[in-house]
Amino acid sequence: MSDSVFRNYIAGEWVEGPSAIANVSPADLSDVIGHYAQADATQTRAAIAAAVKGQQEWAKSGLEQRYSVLMAIGDELIARKDELGRLLAREEGKTLAEGVGETYRSGQFFHYYAAEVLRQMGETADSVRAGVEIETRREPVGVVGIITPWNFPTATGAWKIAPALAFGNAIVWKPANQVPASAWALTEIISRQGLPAGTFNLVMGPGAEVGDVLINSRDINALTFTGSLETGRKVAAATAVNLVKCQLEMGSKNALVVLDDADLDNAVECAVGGAYGGTGQKCTASSRLIVTEGIHDRFVEAVIARMKKLVVGHPLKEGVHIGAVADARQMESNLKYLELAKSEGAKLAYGGEVITEATEGYYLQPALFTNTSNDMTINREEAFAPIACVIKVKDYAEALATLNDTNFGLTGGICTESLKYATDFKRNAKTGCVMVNLPTAGTDYHVPFGGRKDSSFGPREQGTYAKEFYTVVKTTYIRA
C-alpha cells in the first residue's frame with residue numbers, strides 16, 4: 001500500500017494529479033501509509049464544473065434512492081469500523097479506540113440523514129388574498145464546497161457530506177492534506193453507490209491552491225469550512241464577494257467550571273477527559289479549568305493523580321489513553337505554548353515532557369498549569385494541545401464572568417450539585433453548547449452543533465438544523 005498512489009475522484013473517475021505526497025504516521029515516522037495525488041487549480045475547477053452537471057441529475061433523484069445510498073454508506077462504515085478506525089489512528093495519531101469510535105459515529109451520521117431524506121415535508125398556508133393558497137418547500141442549495149480539518153478526518157466529512165447528499169446537492173470535498181487516507185477511504189465507499197457522475201468529487205491538495213479555487217468560485221453555491229479562525233476569516237471574506245452561502249466552524253477556548261459543591265470524582269473525570277481526550281486536539285476541549293477556591297486544592301491534587309494514570313504511546317498499542325500529536329508543526333506549536341505559559345508566570349504542576357517511544361513519532365505528556373489568570377495568552381489563544389490551565393476564582397459569579405471573558409464561545413461546562421447554579425449557567429453561559437456535569441467534549445449527531453462569537457459563523461451544523469444551510473426555501477402562490 002505504501003507504494004500506491006491514491007487518486008482524486010472527479011466526475012465519476014479516479015484521476016491522477018500533477019504531483020503526490022507521502023502520508024506518514026505521526027506515531028511512527030517509518031510508517032508510510034500511502035502516496036496521495038495532489039490536485040491543482042485546473043483539476044479543482046474541473047471538479048466544480050462536474051458538480052454543477054451532476055447536481056442537476058441528483059436533485060431529480062427519488063427519495064428512496066437517496067435513502068438507500070446514505071444507508072449503504074453508513075452500513076459499510078459501521079461494518080468496517082475496525083479496519084477504517086485503525087487506518088484513521090495510524091494517520092492522525094489518535095488512539096485505536098478513538099479511531100474506531102469516530103468511524104462508527106460517521107456511519108451513524110449517514111444513517112441519521114438517510115432518515116431525514118424521508119422527512120422532507122413542505123408547508124401550506126392561506127393567503128391574505130381570497131382564493132389564493134401558498135406552499136413553501138425546500139430545494140437543494142446546489143453545489144457545496146466542503147473543507148475539513150485533520151483532527152476528525154472522517155467524522156467532520158461525514159456530518160457535512162451526509163446532509164449535503166440527503167438534500168439533493170453535489171459536493172466538491174477538500175480534506176486536510178495531513179489526513180488524506182481517511183478521506184480517500186470514505187470517497188471509495190461513496191464512489192460505489194451509483195451516484196450521477198460529478199455528484200461527489202474529492203480534490204486532495206494544498207489549501208493555497210485547491211482551497212483558494214473553492215472559496216473564490218462563483219459556481220459554488222454554499223461553502224462549509226471547519227478549521228482555524230484565521231483561515232475562517234479568509235473564507236468568509238472570499239465567499240462574501242460572490243455572495244456564496246457560508247458556514248464556518250472555527251476555534252474555541254472552552255472552559256469547565258468546577259464549583260465547591262461539585263462531585264469531585266466526576267469533576268476530575270470531566271476535566272481530564274475533556275482536556276486531554278484526542279490528545280487535546282479538539283475544538284471542544286476544555287483547556288480552561290475555572291475552579292472555585294473552596295475545592296481548588298483538592299481538585300488540582302485529584303486531577304494530577306488521575307493524569308499520572310494516563311498512558312501516552314503508540315495509538316495502536318493496547319492500554320494507551322493518549323496517542324501522538326498530529327505532526328511536527330503541531331508539536332512545535334505545543335512546545336512553544338508550554339514555554340509561553342511558564343514565561344507568563346504559570347506554574348507547571350504536572351507533565352509537559354516530550355516522550356520517547358519505541359517508534360519515532362510526536363509524543364507529548366499532557367500538561368496541567370496552575371496559578372494562571374484569564375488574561376494570560378495561554379488562556380486566550382487556542383493551543384489545540386494536551387494542555388489545560390487552572391484558574392482559581394472566588395465564587396460562581398466570578399466563574400461565570402471568567403468563562404464568558406473570551407473571544408470564543410463553542411462549549412462551556414459546569415460541575416455542580418446545585419440546581420440553582422446549573423439553571424443559571426445554562427441560561428447565561430455565552431456558548432453554543434452547554435454541558436452540566438459532563439465533559440465539554442462530546443456531542444450528539446441529531447441535535448445542532450455550533451458556537452458563538454469567533455467560534456462559528458452561519459447556520460448550525462448537524463440535526464434537523466442542517467437543512468438551513470443545505471437547502472433554500474421556495475414560496476409558491478396558487479390561484480385555483
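Trainee: In what sense do β1 and strand β5 (residues 28-38) pair, and over how many bridges?

Mentor: A word on the source first: this is a predicted model, in which local features need pLDDT of at least 70, side-chain atom pairs count only at pLDDT 80 or more, and totals for chains, interfaces and linings use all residues. Residues are numbered from 1 along each chain as its sequence is written, and side-chain values use heavy atoms, with hydrogens and water left out. Strands (E, at least two residues) and helices (H or I, at least four) are DSSP runs numbered from the N terminus, and two strands pair if DSSP finds at least two bridges between them. Here β1 and β5 pair in the parallel sense, over 2 bridges. F6, for example, has Y36 of β5 as its bridge partner.

Trainee: What is the strand order of the open sheet with β1, β5 and β4?

Mentor: The order is β1-β5-β4, an open sheet of 3 strands with mixed pairing. β1 (5-6) and β4 (19-25) stand at the edges; each has a single partner strand, so one side of each is left without a neighbour in the sheet.

Trainee: How many residues of strand β14 (residues 286-292) are buried?

Mentor: Buried means under 20% relative accessible area, exposed means over 50%, and partly exposed lies in between (1.4 Å probe, protein chains only). In β14, 7 of its 7 residues are buried. Strand β13 (residues 254-258) runs parallel to β14 and is joined to it by 5 bridges, with V257 opposite I290.

Trainee: How many aromatic pairs are there?

Mentor: Rings of Phe, Tyr and Trp (its six-membered ring) pair if their centres lie within 6.5 Å; planes under 30 degrees apart are stacked, over 60 edge-to-face, and the rest tilted. The count by this rule is 13 aromatic pairs. One of them joins Y9 and W14, a tilted pair at 4.8 Å centre to centre with 50 degrees between the planes. Y9 is buried at 9% relative accessible area, whereas W14 is partly exposed at 29%. Elsewhere, ring pairs link F109, Y112, Y113, W159, Y445 and F449 into a cluster.

Trainee: Which charged end sits over the ring of Y112?

Mentor: A charge sits over a ring if NZ of Lys or CZ of Arg is within 6 Å of the ring centre and within 35 degrees of the ring normal. Over Y112 it is the charged end of R119, 5.8 Å from the ring centre. K94 lies over the face of F152, at 3.9 Å from the ring centre.

Trainee: Which strand gives the most to the lining of the second largest pocket?

Mentor: That is β7, with 5 residues. This pocket holds about 460 Å³ of space.

Definitions and conventions
1 Å grid on protein atoms, 1.4 Å probe; cavity = no way out; pocket = protein on both sides within 12 Å on 5 of 7 lines; lining within 4 Å. Points joined across faces, edges and corners; volume = space filled by probe spheres on them.
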